[in-house]
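Please look at the sequence and the 3D structure below. The paragraphs after them go through the fold step by step.

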Amino acid sequence: MVLAHLHRIDPDANMARYYCVDIAPTLFGDVSFVRTWGRIGTHGRTSIETCASIEEAERAAS
């Protein structure tokens, strides 16, 4: 479930960035809060925080 997918593009500053916030289930029954960010066209960086429930993951996302 993608909560937000944002783009920031400023050609004058040569800036083309993205930020994505996602909540996804794990194989072990937990829920992960996943943040991905970087320059558009690259894989960027990813941060994953595992939570016990979807409510806890939604609190972490907000």
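Keep in mind from the start that this is a predicted model. Strand 2 covers residues 15-25 and strand 3 covers residues 31-39. They run antiparallel, and nine bridges join them.

Now step back to the whole sheet. Strands of a sheet pair through backbone hydrogen bonds, either parallel or antiparallel. Here four strands make up an open sheet, and their order is 1-2-3-4. The pairing in this sheet is antiparallel. Which strands are at the edges? The edge strands are strand 1 (2-10) and strand 4 (45-51), each of which pairs on one side only. On average, neighbouring strands of the sheet are turned by 10° against each other, if direction is ignored.

The next element to find is the helix. Helix 1, made of residues 54-61, lies across strand 1, strand 2, strand 3 and strand 4. Relative to strand 3, helix 1 runs at about 30°.

Strand 4 deserves a look of its own. Thr50 lies in this strand. Leaving aside residues up to four places away in sequence, Thr50 touches Asp30, Val31 and Ser32. Sequence distance and distance in space can also be compared for Thr50 and Ile23. In sequence the two are 27 residues apart, while from C-alpha to C-alpha they are 9.6 Å apart in space.

Charged side chains come next. Side chains of opposite charge can pair when their charged atoms come close. How many salt bridges are there in this model? The count comes to one salt bridge, taking as the rule a side-chain nitrogen of Lys or Arg within 4 Å of a carboxyl oxygen of Asp or Glu. Arg35 forms a salt bridge with Glu49, and their closest N and O atoms are 4.0 Å apart. Arg35 lies in strand 3 and Glu49 in strand 4, so the pair ties together parts that are 14 residues apart in sequence. Arg35 is partly exposed, with a relative accessible area of 25%. Glu49 also counts as partly exposed, at 34% relative accessibility.

Finally, turn to the surface. Met1, Leu3 and Ile54 form a nonpolar patch there. Together these residues have about 270 Å² of accessible area. Met1 is placed in the segment before strand 1.

Note on methods
Residues are numbered from 1 along each chain as its sequence is written. This is a predicted model: local features need pLDDT of at least 70, side-chain atom pairs count only at pLDDT 80 or more; totals for chains, interfaces and linings use all residues. Side-chain values use heavy atoms; hydrogens and water are left out. Two strands pair if DSSP finds at least two bridges between them. Helices (H or I, at least four residues) and strands (E, at least two) are DSSP runs, numbered from the N terminus. Axes are lines fitted to C-alpha atoms, for helices over the stretch in contact, and angles run from 0 to 180 degrees between N-to-C directions. Contact means heavy atoms within 4.5 Å. Patches are made of residues with over 30% relative accessible area and no salt bridge: like charges are joined within 9 Å, nonpolar side chains (Val, Leu, Ile, Met, Phe, Trp, Tyr) within 5 Å. Accessible areas come from the Shrake-Rupley method with a 1.4 Å probe; for residues, only the protein chains shown count as cover. Buried means under 20% relative accessible area, exposed over 50%, partly exposed in between (1.4 Å probe, protein chains only).
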